[in-house]
Amino acid sequence: QVQLVESGGGLVQPGGSLRLSCSASGTAFRVYAMGWYRQAPGRQRDLVAVITDVGSTNYADSVKGRFTISRDNANNTVYLQMNSLKPEDTAVYYCNFDLQKYSVGRRVYWGQGTQVTVSS
């Protein structure tokens, strides 16, 4: 069984920073792309950033220059460094792994979500 566990959300003032983490537990698997999505109340879940297994990255236009995605392959962990946060960044953030578990096959796994609130 593979589980994704997120941490790092919270309440921050506009202009502040937060760092989200997401780690995969379990054994005998390989992770391809890792990503972060977010969902604000009443809105659809949107891509924030993605990083491939070779380190290529892509960002939503709204976060370019402010957010940075990175990964630690040895620990099956993805990070999202969020700087210059704005109230419109408020949402539940979900991590997403494209993962192949050798006994099961390849599929997408989701974290449980972590709340990020940007408010004064």
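1. Two strands count as paired if DSSP finds at least two bridges between them. Strands are DSSP runs of E, at least two residues long, and helices are runs of H or I, at least four residues long; both are numbered from the N terminus. With that in hand, Ser21 stands opposite Tyr79 in S8.

2. A word on the source. This is a predicted model, in which local features need pLDDT of at least 70 and side-chain atom pairs count only at pLDDT 80 or more, while totals for chains, interfaces and linings use all residues. Residues are numbered from 1 along each chain as its sequence is written, and side-chain values use heavy atoms, with hydrogens and water left out.

3. S3 and S8 belong to an open sheet of four strands. The order is S1-S3-S8-S7, and the pairing is antiparallel. Strand S1 (3–7) and strand S7 (67–72) stand at the edges with a single partner strand each, so one side of each has no neighbour in the sheet. On average, neighbouring strands here are turned by 15 degrees against each other, direction ignored. The axes behind that angle are lines fitted to C-alpha atoms, for helices over the stretch in contact; angles run from 0 to 180 degrees between N-to-C directions.

4. Now look at S4 and S5. Strand S4 (residues 29–39) runs antiparallel to strand S5 (residues 46–51), with five bridges between them. Met34 stands opposite Ile51 in S5. Six residues lie between the strands of this hairpin, and Gly42 takes a positive phi near 75 degrees.

5. S5 also pairs with strand S6 (residues 57–59), again antiparallel, over three bridges. Ile51 has Thr57 as its bridge partner in S6. This hairpin has five residues between its strands, and Gly55 in the turn has a positive phi of about 95 degrees.

6. Step back to the whole chain. The protein chain has zero helices and 11 strands. Its radius of gyration is 14 Å, close to the 14 Å of the globule rule for 120 residues, so the chain is as compact as a globular protein of that length. That radius is taken over C-alpha atoms, and the rule is 2.2 Å times the number of residues to the power 0.38. The C-alpha trace spans about 50 × 25 × 25 Å along its principal axes.

7. How much of the chain is buried? Buried residues make up 42% of the 120 residues. Buried means under 20% relative accessible area, exposed over 50%, and partly exposed in between (1.4 Å probe, protein chains only).
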